[in-house]
Amino acid sequence: MNSQTSTTTTASTNVTTGKTIPVGISNRHIHLSQQDLNKLFGTGHQLTKLKDLSQPGQFACKETVILCGPKGAIEKVRILGPVRSHTQIEILASDTFKLGVKAPVRLSGQLDGTPGITVIGPNGSVETEDGLIIAQRHIHMLPSQAAAFNVQDGENVTIEFTGLRGGVLNNVIIRAKENSGLECHIDTEEANALGVKPGTPITIKK
């Protein structure tokens with residue numbers, strides 16, 4: 001996937017029946033606090049929406065930043081909006097080698113004990129104290145959908161992919177919250193390993 005143009009690609013699978021769920025494939029990206037956004041782009045800067053994402057109220061932005069680690073840098077890392085109370089940087093496992101950093105696998109928002117990184121924007125740079133993670137694969141859904149799928153918020157499940165390189169992935173966390181869009185989130189490396197692309201259906205295997 002081209003990180004310059006897209007952050008998440010969503011399958012268009014019909015999920016009205018059975019246990020088939022659409023899959024969203026995520027590339028590296030960053031969520032910024034307003035304080036850090038001001039430092040990177042100038043005081044009072046407002047994010048510019050590029051496109052809406054599958055989760056209600058969330059969107060990819062035109063703005064990008066550079067991530068800089070001890071061994072190297074990655075340019076054109078997409079910002080996702082809206083701004084958050086705390087900056088969070090989500091990278092791929094292979095990015096840790098290019099950057100020369102260590103990043104734990106975590107769910108979004110679970111940042112205790114995570115490392116930081118240098119973020120560079122057109123107006124300045126930020127040295128984050130924490131927030132660098134590899135995203136734990138997970139499934140977003142409404143509580144009512146969780147009941148229909150016979151799963152609970154926080155439950156650890158296995159998912160199965162069909163196709164020539166199909167297989168299973170363990171340790172997929174259910175995130176059943178209000179104002180959620182039904183979608184399984186994996187990253188580009190996981191998708192490439194299993195030949196997953198938009199339209200590939202997945203099934204929860206308990």
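Me: How many bridges join strand β5 to β6, and do the two run parallel or antiparallel?

Reply: This is a predicted model, and in it β5 (residues 49-52) and β6 are joined by three bridges in the antiparallel sense. Within that pairing, Asp52 has Phe59 of β6 as its bridge partner.

Me: What lies between β5 and β6 in the hairpin?

Reply: Six residues separate the two strands of this hairpin. Gly57 sits in the turn, with a positive phi of about 85°.

Me: Which strand runs parallel to β7, and over how many bridges?

Reply: Strand β4 does: four bridges join β4 to β7 (residues 73-84), and the two run parallel.

Me: How should I read contacts of the aromatic rings?

Reply: Check ring against ring, then charge against ring. Two rings pair if their centres lie within 6.5 Å, and by this rule the count is zero aromatic pairs. For a charge over a ring, look at Phe59: the charged end of Lys49 sits over the Phe59 ring, 5.4 Å from its centre.

Me: What is the general idea behind backbone exceptions, and which peptide bond is cis here?

Reply: Most residues other than glycine have a negative phi, and most peptide bonds are trans. In this model the bond from Gly81 to Pro82 is cis, with omega near 5°. Pro82 is found in strand β7, and Gly81 is the residue in β7 that has Phe59 as its bridge partner.

Me: Where are Asn150 and Asn179 found, and what is their phi?

Reply: Asn150 is in the loop between α3 (143-149) and β14 (156-161). Its phi is positive, about 60°, although Asn150 is not a glycine. Asn179 is in the loop between β15 (168-176) and β16 (183-187), and Asn179 also has a positive phi of about 60°.

Me: Are Asn150 and Asn179 buried or exposed?

Reply: The cut-off for exposed is over 50% relative accessible area. Asn150 counts as exposed because its relative accessibility is 53%. Asn179 has 56% relative accessibility and therefore counts as exposed.

Me: How do I read sequence separation against distance in space, with Ile133 and Val105 as the case?

Reply: Compare the two separations directly. Ile133 and Val105 are 28 residues apart in sequence, and their C-alpha atoms are 5.8 Å apart in space. Ile133 lies in strand β12 (residues 132-135). Ile133 has a relative accessible area of 1%, so it is buried.

Me: How many residues line the largest pocket, and which lie nearest its centre?

Reply: The lining has 35 residues, and those nearest the centre are His31, Gln58, Arg84, Ser108 and His140. The elements that give two or more residues to this lining are β4, β7, β8 (88-91), β13 (138-141) and β16. Two of these elements have come up as a pair: β4 and β7 run parallel, joined by four bridges.

Conventions: Residues are numbered from 1 along each chain as its sequence is written. This is a predicted model: local features need pLDDT of at least 70, side-chain atom pairs count only at pLDDT 80 or more; totals for chains, interfaces and linings use all residues. Side-chain values use heavy atoms; hydrogens and water are left out. Two strands pair if DSSP finds at least two bridges between them. Rings of Phe, Tyr and Trp (its six-membered ring) pair if their centres lie within 6.5 Å; planes under 30 degrees apart count as stacked, over 60 as edge-to-face and the rest as tilted. A charge sits over a ring if NZ of Lys or CZ of Arg is within 6 Å of the ring centre and within 35 degrees of the ring normal. Buried means under 20% relative accessible area, exposed over 50%, partly exposed in between (1.4 Å probe, protein chains only). On a 1 Å grid over the protein atoms alone, a cavity is a set of points where a 1.4 Å probe fits but cannot get out, and a pocket is an open set with protein on both sides within 12 Å along at least five of seven lines; lining residues have an atom within 4 Å of a point.
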